[in-house]
Amino acid sequence: MAITGNIDKSNGDDGVMRTADGTPLKLSLQRAQRRQKQRTFFLVVPLLVFILFSFVFPILNMLTRSVEDPQVVSYMSNTLDALEGWDGESLPGEPVFEAMAQDFKIGRENKTIGRVGKRLNYEKSGMRGLFNKTARRIDKIETGPWKQTFLDIDKKWGNVETFTVIQRHDSAYSISYYLSALDLKHNEQNEIVRQAEERRIYVSLFLRTFGVSLVIAVLTLLLGFPIAYLMANLPLRYSNLLMILVLLPFWTSLLVRTTSWIVLLQSQGVINDIFVAVGIIDEEERIQMIFNMTGTIVAMTHILLPFMVLPLYSVMRTIPPSYMRAARSLGANQFVAFVRIYLPQTVPGISAGAILVFILAIGYYITPALVGGETGQLISNIIAYHMQRSLNWGLAGALGSILLLSVLVLFGLYSRFIGLRGLKFG
């Protein structure tokens, strides 16, 4: 660390080394280091702000939305207060219906009752229509008896489960979205049970997503390893050409690359035409390779292949060729030398590429949405659906949180049993 001014090497009366202006040398060094740290901090502030706004805050917002449940407690507070002493077995008494009528009138005037119905409809089908219907009719009625009035409007108000669903949302936070994301629900006795078999969709989608991601990681490894090996061992002019070909997909739009596979893989596409032309299949036996899981795996393998090749290449190019020659000179054949000498040294690149491809594949949704059809959808497509179409952001947040936690757990297990020290991404 450079210190401005000359240093007085004499100790002085107190035995402390000082700079030319009389400042103790230790203090001067501390000030210089502090100024250097401040300059470094201000240089990274823009990056820190970018990470906070583009990564940290969105994740925190997702985690918050996954447990937020304020609609019922905010807009039906009178009803929830009246339900505090309810036994949950028989139909509530007149005070509960009177409080509910008051909430409906206020909600109708403030246009908030529809939000309550929409939220409860996630828990019990038909609640949104029931609330909208009741709000329209109750607004014209001035006096009770309110219990009979609600029963006359719709017989569903005579169902105990309707009030059980309302009472369950007596807090601004709940785990309901996480239960739905795990194909669970509350029954009439307020116990956590599994959804009906025809409504169990999310767990199977999570398993499908992890399975497809693992398959894609293996396929990219099988395809990318020979490419990286050639790039690392061919003469420079050929390896540079291969590097350009590997990087070329990054210069093309993801949407263009995905739609290109639709042209290639569809029943009347290029690949089927070639198969028919050379006599491999008949005209009537064209293979359906798109809008299914096959299309998803093929397209995603092609798109993610460079993310496997580059970590492998970065490791292979550091392996001295003399190792293989030494193994051959000691009696090993080409296969044994490769398996016992060369391959173990590529493990850091294999690990880095596999983790990178696996994590990227888990979060892909554009490619499965375009080429996956009904059977090729992944959990990311369902998250996007709830964010953009159904507007069930709480469930989308819960699904995203579970996906994030799953990735962190897998990454932690990898770190625990294999370790991260040897990882090399480039």
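Select D273 to begin: with a relative accessible area of 35%, D273 is partly exposed, where buried means under 20% relative accessible area, exposed over 50%, and partly exposed in between, using a 1.4 Å probe and protein chains only. This is a predicted model, in which local features need pLDDT of at least 70 and side-chain atom pairs count only at pLDDT 80 or more, while totals for chains, interfaces and linings use all residues. Residues are numbered from 1 along each chain as its sequence is written, and side-chain values use heavy atoms, with hydrogens and water left out.

Because R286 lies in the loop between α13 (270-277) and α14 (293-316) while D273 is in helix α13, the pair ties together parts that are 13 residues apart in sequence; helices here are DSSP runs (H or I) of at least four residues, numbered from the N terminus. R286 counts as buried, at 17% relative accessibility.

The structure holds 6 salt bridges, and the next one to select joins D69 and R119, with the closest N and O atoms 2.8 Å apart. D69 sits in the loop between α1 and α2 (71-75) and R119 in helix α5 (residues 113-121), so this pair ties together parts 50 residues apart in sequence.

Move on to K133 and D154, which form a salt bridge whose closest N and O atoms are 3.2 Å apart. K133 belongs to helix α6 (residues 127-138) and D154 to the loop between α7 and α8, 21 residues apart. K133 is partly exposed at 23% relative accessibility, whereas D154, at 14%, counts as buried.

For the aromatic residues, a search of the whole structure finds 17 aromatic pairs, meaning rings of Phe, Tyr and Trp (its six-membered ring) with centres within 6.5 Å, where planes under 30 degrees apart count as stacked, over 60 as edge-to-face and the rest as tilted. Select F104 and W157, an edge-to-face pair at 5.9 Å centre to centre with 85° between the planes. F104 is in helix α4 (residues 94-110) and W157 in the loop between α7 (146-153) and α8 (160-168), 53 residues apart.

Conventions
Helix = DSSP H or I, 4+ residues; strand = E, 2+ residues; numbered from the N terminus. Salt bridge = Lys/Arg side-chain N within 4 Å of Asp/Glu carboxyl O.
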